[in-house]
Amino acid sequence: APYLVMELVEGESLHERLLARPPTPAEAAALVAEVARAAHAAHEAGLVHRDLKPRNVIVGRDGRPRIVDFGLVRGPS
């Protein structure tokens, strides 16, 4: 049976973080760039997330964003 294993990321959703404190322009650019690189890596692997939104991005305690909830992913045909 197929399954997915993912690291435990302790942190908060990007949605929660944005409500608590808007990022500076530099912080916002860094977050967007890292999420874009992650989405690009998924696309290169033939995966499309189809539900990418701030609630599906977890910002770890280290400040790095991770894309989560691949429940609606479309894979290679």
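Predicted model: local features only at pLDDT ≥ 70, side-chain atom pairs only at ≥ 80, totals over all residues.
Gly 46 lies in the loop that runs between helix 2 (25-44) and strand 2 (57-60). Its relative accessibility is 27%, so Gly 46 counts as partly exposed, the class that falls between the cut-offs of under 20% for buried and over 50% for exposed.

When residues up to four places away in sequence are set aside, Gly 46 touches Arg 74, Gly 75 and Pro 76. A separate distance relates Gly 46 to Ile 58: the two are 12 residues apart in sequence, and their C-alpha atoms are 22 Å apart in space.

## Overall make-up of the chain

The secondary structure of the chain consists of 2 helices and 3 strands, and from the N terminus on these elements follow the order β-α-α-β-β. Along its principal axes, the C-alpha trace spans about 40 × 20 × 20 Å. Of the contacts with a separation of 6 or more, 64% are between residues 24 or more positions apart.

Buried residues account for 22% of the 77 residues in the chain. The accessible surface is about 5,700 Å², and carbon and sulfur atoms contribute 59% of that surface. As for charge, the chain carries 10 positive and 10 negative side chains, and the centres of these two sets are 3 Å apart.

## The sheet and its strand order

The 3 strands form an open sheet in the order 1-2-3, with antiparallel pairing. Its edges are strand 1 (11-13) and strand 3 (65-67), each of which pairs on one side only. On average, and with direction ignored, neighbouring strands of this sheet are turned by 30° against each other. Helix 2 packs on the sheet, where helix 2 touches strand 2 and strand 3, and the direction of helix 2 makes about 30° with that of strand 3.

In general terms, strands of a sheet pair through backbone hydrogen bonds, either parallel or antiparallel. Here, strand 1 and strand 2 run antiparallel and are joined by 3 bridges, and Gly 11 has Gly 60 in strand 2 as its bridge partner.

## Strand 2 and the hairpin

Strand 2 also pairs with strand 3 in the antiparallel sense, over 3 bridges, and Val 59 stands opposite Pro 65 in strand 3. These two strands, strand 2 and strand 3, form a hairpin with 4 residues between them, and in the turn Gly 63 has a positive phi of about 85°.

Notes: Residues numbered from 1 in each chain as written. Heavy atoms only, no water. Buried < 20%, exposed > 50% of the residue type's maximum accessible area, 1.4 Å probe, protein only. Contact = heavy atoms within 4.5 Å. Areas by Shrake-Rupley, 256 points an atom, 1.4 Å probe, with all protein chains shown as cover. Lys, Arg positive; Asp, Glu negative; His and termini not counted. Charge placed at Lys NZ, Arg CZ, Asp CG, Glu CD. Pairing = 2+ DSSP bridges. Axes fitted to C-alpha atoms, helices over the stretch in contact; angles between N-to-C directions.
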